[in-house]
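User: Could you take me through the helices and the backbone of this model? Please define the terms as they come up.
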Amino acid sequence: MKTRQVIVVTDGDEFAKRTIEFIAKKVGGRCISQSFGNPSILSGEDLVSLIMQTPHSPVFVMFDDCGYLGEGAGETALKYVATHPNIDVLGAIAVASKTHQNEWTKVDVSIDGNGELTEYGVDKYGVAEMDVGKQNGDTVYCLDELSLPIVVGIGDIGKMGMKDHIKHGSPITLKAVELILERSKGYVE
């Protein structure tokens with residue numbers, strides 16, 4: 001069985017769905033549109049089945065816990081997908097949310113609301129936070145447990161005060177995807 005190269009996105013609302021579908025088309029990838037949901041409703045097994053049916057990579061998959069503290073359905077599915085032997089995760093987009101409780105992850109780099117790279121995590125508006133390499137979010141809790149090649153933090157996909165809106169080409173999400181693809185040693189176009 002062939003492997004599929006996947007980009008994990010820790011957001012699954014309607015804005016994320018439209019943005020990720022747009023970005024996937026722009027970079028020649030595929031989006032598992034059925035993975036959208038707030039919270040995620042498909043199991044890891046269901047998602048792997050859909051991923052394996054795609055004609056080529058990269059495949060974008062969305063995961064969302066809808067603010068549930070601890071490991072919710074989105075993170076359970078994410079862990080299953082990311083550790084599946086036929087899935088090669090190229091990287092993750094760790095999406096900020098208004099949650100500032102216990103949900104955070106380490107990020108390799110973030111992209112702020114102006115499209116600039118920063119060592120700091122960012123909030124949902126894309127404003128740099130106080131912590132270096134730390135991103136608060138909703139469905140990011142398990143990313144540190146996974147061996148991912150790169151984790152890029154961004155604000156709320158498709159929003160960030162209209163700076164990432166699809167009518168502007170979703171430049172911040174696009175830049176995060178381009179960064180993941182650029183740094184992925186094994187990515188094959």
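Analyst: Helices (H or I, at least four residues) and strands (E, at least two) are DSSP runs, numbered from the N terminus. The expected span of a helix is 1.5 Å times one less than its number of residues. This is a predicted model, in which local features need pLDDT of at least 70, side-chain atom pairs count only at pLDDT 80 or more, and totals for chains, interfaces and linings use all residues. Residues are numbered from 1 along each chain as its sequence is written, and side-chain values use heavy atoms, with hydrogens and water left out.

User: How many residues has helix α1, and how far does it reach from first C-alpha to last?
Analyst: Helix α1 (residues 14-26) has 13 residues and reaches 18 Å, close to the 18 Å expected at 1.5 Å a residue.

User: Which residues of α1 are buried?
Analyst: They are A16, K17, T19, I20, I23 and A24, where buried means under 20% relative accessible area, exposed over 50% and partly exposed in between (1.4 Å probe, protein chains only).

User: And what do the buried residues of α1 pack against?
Analyst: They pack against β1 (4-9), β2 (30-31), β3 (59-62) and α4 (171-183); contact means heavy atoms within 4.5 Å.

User: Moving on, at what angle do α2 and α3 pack?
Analyst: Helix α2 (residues 44-52) and helix α3 (residues 73-82) pack at about 45 degrees, with axes 8 Å apart. Axes are lines fitted to C-alpha atoms, for helices over the stretch in contact, and angles run from 0 to 180 degrees between N-to-C directions. The two helices are therefore oblique to each other: angles under 35 degrees count as roughly parallel, over 145 as roughly antiparallel, 65 to 115 as roughly perpendicular and the rest as oblique.

User: Which residues meet there?
Analyst: From α2, G44, E45, L47, V48 and I51 meet A77, Y80 and V81 of α3.

User: What is the phi of M160, and of S170?
Analyst: M160 has a positive phi of about 50 degrees and S170 one of about 45 degrees, although neither is a glycine.
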